[in-house]
Amino acid sequence: MNLLRFYGDHAREAFGLLGQHLVLVGASTLLAVLIGVPLGVLLTRRPAWRGPVLGLANVFQTIPSLALFGFLIPLPFLGGIGARTAIVALVVYALLPIVRNTYVGISGVDPAVREAGRGMGMTDGQLLTMVEIPLGLGVIFAGVRVATVVGVGTATIAAAIGAGGLGVYIFRGVSTVDDTLILAGALPAAILALIADGLLGLIERRLAR
Amino acid sequence: MTGGLSVSRTVGRLSAVVLALFGGACSHRDRIVVGAKNFTESDFLAELLAQQIERRTGLPVERRLHLGGTYVCHEAITSGKIDLYVEYTGTAYTEILKHPPIADADSVYRADSLEYAKTLGLTWGRPLGFNNTFAITVRRADAEKYGLRTISDVARIAPRLRAGFGYEFLQRADGFGGLARAYGLRFAAPPTAMDLGLTYRALAQGNVDLIAGNSTDGTIQALDLVALEDDRHYFPPYDAAPVMRKELVTRHREVVRALAELAGKLSAAEMRRLNLAADVEHRDIAALAREWLAKNLP
């Protein structure tokens, strides 16, 4: 009830924050895919790098967001305050599931199929784009799905560094112990995560077929 | 619609359960529970009160430090989950009692004491001796370049500056809205809302040009920043003083007597030094409190 009245009074602001939230999640997931998928592929070609790279991605996940922001503020290009820094942090958090699933998806391709490709005279590049990636796509996409859904929740921390998003309501609510405000940010973020999960799940099932 | 209502009820119930769980230990009544807000100074002051009570009365004291902002501590003490914590007179006056800010320190303290006793069943102890006001803060280089000494000076060049504030300062009645009206502040863009702790770093790195810190913060000195004078006396006084549950006051007069010894003993300069020691030199607050008590109240 309070919540509906709140949205009624703050519709413009709420939609603005929702828009910022979508941009933060979209941009960071896209960047994480652009970095994470090639990195995952690289790991299948250089198995010795697997331990260090996945270990590092794991460590990134454990850095508390405020500490990460503290490190990022003084950095040139990547740092400062605002959306750019928030997106850098969100990419850092999104990398692990994408890199790991890309690696797992491609190394899970049946060796016999790979051999058949080689036997047909495929180059490594052709093998990757025509055999390994198509066959591993379901698993790779599952990683992207996890990264996106987690990202919707994680993006609420962007409000700590002036990047806006639904976290603004959560931060305001926490600083004034106002349950309505906290819910005004948390509830749409939760619904957004469910929608993203459902949609990406549909795509994933198509790819897996 | 009932959906939102029942969700907010569920959250209310959940937070009651959480409070009951972590507050459960203080149902044991001879244990005195000291609370603190979520910043270093509040933690230190809680530790100071705790040690003073322990060494003067021998009663066991439990620490519940870093609880959250003003509202969380207030909820905790009115519901009996903590027995005392250090509050600031102006914060209680504007944020808890919802009065418009006024400048006179004595009137604020008197109004707080009276209304807390009458409506909340809480007792104010005597102020510790320092005023931790909001400090509108800029980099020293800018202060020298533009000749900034007061907030009025900043108002002249505000359109050239970017401001960054914590969420509480942006929401409070005695926060940014009133400040901007009192001084006619117009910044280049609306202030950036961010985590309070990160504002200092953003200022020092040049990502923003003006922030609202606390006047007793050690970081102001450590990062070579300058706090500007509130020349129009917009901010009310924020004298730190212990707030106690009436039950504690009536059952343990010795606790009140022990805390009265601290009255007026802690200056703003001293508090700044202690915050610097804790925040920048990473000294342990319990050790700092022990040393301070040994030196000032042997």
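Q: In what order do the five strands of the open sheet in chain B stand, and what is the pairing called?
A: In this predicted model, the five strands of chain B are arranged in the order β7-β6-β8-β5-β9, and the pairing in this open sheet is mixed.

Q: What makes strand β5 of chain B and β9(B) count as paired?
A: Pairing requires at least two bridges between two strands, and three bridges join β5 (residues 134–139) of chain B to β9(B), so the two strands meet that requirement, and they run antiparallel. Among the residues involved, V138(B) has V226(B) in β9(B) as its bridge partner.

Q: Which helix lies across β5, β6, β8 and β9 of chain B, and at what angle does it run to β8(B)?
A: Helix α10 (residues 196–204) of chain B lies across β5, β6 (163–165), β8 (210–214) and β9 of that chain, and it runs at about 135° to β8(B).

Q: How many helices and how many strands does chain A have?
A: Chain A has nine helices and zero strands, and along the sequence its pattern reads α-α-α-α-α-α-α-α-α. The C-alpha trace of chain A spans about 65 × 40 × 20 Å along its principal axes, and buried residues make up 39% of its 209 residues.

Q: Why are α8(A) and α9(A) called roughly antiparallel?
A: The axes of helix α8 (residues 167–176) of chain A and helix α9 (residues 179–208) of chain A come within 7 Å and cross at roughly 160°. Angles over 145 degrees count as roughly antiparallel, and that is why α8(A) is described as roughly antiparallel to α9(A). The crossing in which α8(A) passes α9(A) is left-handed.

Q: Which residues of α8(A) and α9(A) meet, and how do the residues of this contact divide?
A: On the side of α8(A) the contact includes V168(A), Y169(A) and I170(A), while on the side of α9(A) it includes D179(A), L181(A) and I182(A). The residues of this contact divide into eight nonpolar, four polar and two charged.

Q: Why does D179(A) count as partly exposed?
A: D179(A), which has its place in helix α9 of chain A, has 17 C-beta neighbours inside 10 Å. A residue is buried at 20 or more such neighbours and exposed at 12 or fewer, so with 17 the residue D179(A) falls in between and counts as partly exposed.

Q: What makes helix α6 of chain A lie largely in the open?
A: Of the nine residues of α6 (residues 111–119) of chain A, the number buried is zero, and therefore this helix lies largely in the open. Just after α6(A), G121(A) takes a positive phi of about 90°.

Q: Which element supplies the largest share of the side of chain A that touches chain B?
A: In all, 24 residues of chain A are in contact with 26 residues of chain B, and α1 (2–9), α4 (65–72), α8 and α9 of chain A each supply at least two residues of the side of chain A that touches chain B. The largest share, five residues, comes from α8(A), and the residues of that side of chain A divide into 15 nonpolar, seven polar and two charged.

Notes. Residues are numbered from 1 along each chain as its sequence is written. Chains are lettered from A and ligands numbered from 1 in the order in which they are written. This is a predicted model: local features need pLDDT of at least 70, side-chain atom pairs count only at pLDDT 80 or more; totals for chains, interfaces and linings use all residues. Axes are lines fitted to C-alpha atoms, for helices over the stretch in contact, and angles run from 0 to 180 degrees between N-to-C directions. Helices (H or I, at least four residues) and strands (E, at least two) are DSSP runs, numbered from the N terminus. Angles under 35 degrees count as roughly parallel, over 145 as roughly antiparallel, 65 to 115 as roughly perpendicular and the rest as oblique. A crossing is left-handed if the near helix is turned anticlockwise from the far one by less than a right angle, and right-handed if clockwise. Two residues are in contact if their C-beta atoms, placed from the backbone, lie within 7 Å. Ala, Val, Leu, Ile, Met, Phe, Trp, Tyr, Cys and Pro count as nonpolar, Asp, Glu, Lys and Arg as charged, and the others, Gly among them, as polar.
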